[in-house]
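Grab a pencil and get ready to work through a few exercises. Try each task yourself before you read its solution.

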Amino acid sequence: MKNTEEQGYAPRTDLACERMKADTALPGAEYTEEEREGFCISRLRITDAEAAASIGKPEGNYLTLSHPPFWQMTEAELTSLTEVLADCLSEICGGAAPEASSVLVAGLGNRYITADAIGPETVRQVFATRHLKREDPGLFDRFATTELALLAPGVMAQTGIETEAVIEAVKEKISPALIIAVDALAARSFSRLGATVQLSDTGIRPGSGIGNARSALDRESLGIPVIGIGIPTVVDSATLVLDVLEKGGLTEIPDGVREVLESGDSFFVTPREGDVVTERASTLLADALNRTFSRGFFVAE
């Protein structure tokens, strides 16, 4: 039997915090944790190519907010979480584009699949303000601090067009200073589902967590800063088996199990409360975006 490192099997996850080795003293990677309002905030800064290759994530900043599963949280806890997330969003957006006066928020994913609908459902609840700047400047000044434009580009199976191409076309037309891409993610641990928010200034690669990676949405491809925001909703079944075995103390994987893991014959698992996860996650993200880019906290109808 061989351990997973020797076998070369890489568990699927979009979360940078799950890709860190147990020993966080990795040259080129700075990792810290803090607690705020009872929630854990971890920050990972990858500063060189060697660390990026070891972790499996691009160089940049990753901020992870951990909280109880959505279906276990009270309304008061969700309100506190919204406030903390808005602070985190302001922090990472301010670091990437400190003077951005216009922002395009893109809700990625398929709105007809519950586990993939967080992006479209989020932008449905965000208050668009770009048009107000031109049609009613007084109303804009009363409510908004930033021009917000919203887009739900769908997925290529629906449109026949790469998501990156749709966003690129809109970007060329409206010239935002910053793009925020919202998407559902894949996690390694089942306990992360509906219980984690990841923000990064490295952009996002739609579909990467489920082995269907599309063109990257990042500064290199789009020419402006791209913030990726995601909440995990699924776990690959082979990855879930590996996670359970390791939590059970099995550090070496039997050859028969290894063959199954490497066969690619797997599926994706989502919690039975998946509809609650999508509903509460999209409302959380929309409320945090509205709070961050408005003069007063409000939610669009």
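Predicted model: local features only at pLDDT ≥ 70, side-chain atom pairs only at ≥ 80, totals over all residues.

Residues are numbered from 1 along each chain as its sequence is written, and side-chain values use heavy atoms, with hydrogens and water left out.

**Exercise 1. The whole chain**

Find how many helices and strands the protein chain has, and what share of its residues is buried.

Step 1: Helices here are DSSP runs of H or I with at least four residues, and strands are runs of E with at least two, numbered from the N terminus. That gives 13 helices and nine strands.

Step 2: Buried means under 20% relative accessible area, exposed means over 50%, and partly exposed is in between (1.4 Å probe, protein chains only). Of the 301 residues, 49% are buried.

**Exercise 2. Checking a helix length**

Work out what span helix α13 (residues 274-293) should have, and compare it with the model.

Step 1: The expected span is 1.5 Å times one less than the number of residues. For the 20 residues of α13 that comes to 28 Å.

Step 2: The end C-alpha atoms of α13 are 28 Å apart, so the two agree.

Step 3: Now look at its cover: 14 of the 20 residues in α13 are buried.

**Exercise 3. One face of a helix**

Work out how the buried residues of helix α9 (residues 163-174) are arranged around its axis.

Step 1: List them: Thr163, Glu164, Val166, Ile167, Lys171 and Ile174 are buried.

Step 2: Look down the axis and take the directions from the axis to the C-beta atoms, which define the arc. The buried residues of α9 fall within an arc of 160 degrees, so they line one face of the helix.

Step 3: See what does the covering, where contact means heavy atoms within 4.5 Å. The cover over the buried residues of α9 includes β4 (102-107), β5 (147-151) and β6 (178-187).

**Exercise 4. A covered strand**

Find out which strands pair with β6, and in which sense.

Step 1: Two strands pair if DSSP finds at least two bridges between them.

Step 2: Next, take β8 (residues 226-236), which runs parallel to β6 and is joined to it by nine bridges. Here Ala186 stands opposite Val234.

Step 3: Check the cover on β6: ten of its ten residues are buried.

**Exercise 5. Looking for the cores**

Which residues have the most contacts inside the largest nonpolar core?

Step 1: A nonpolar core is a set of buried Ala, Val, Leu, Ile, Met, Phe, Trp, Tyr and Cys residues joined through side-chain atoms within 4.5 Å.

Step 2: The largest one has 40 residues, and Phe70, Ile180, Val197 and Leu199 have the most contacts inside it. Helix α4 (residues 75-96) gives the most to this core, with ten residues.

Step 3: Zoom in on Leu199, leaving aside neighbours within four places in sequence. Among its contacts are Tyr62, Leu63, Leu85, Leu89 and Ile229.

Step 4: There's also a second, separate core of 21 residues, including Cys17, Ala181, Leu185 and Leu217.
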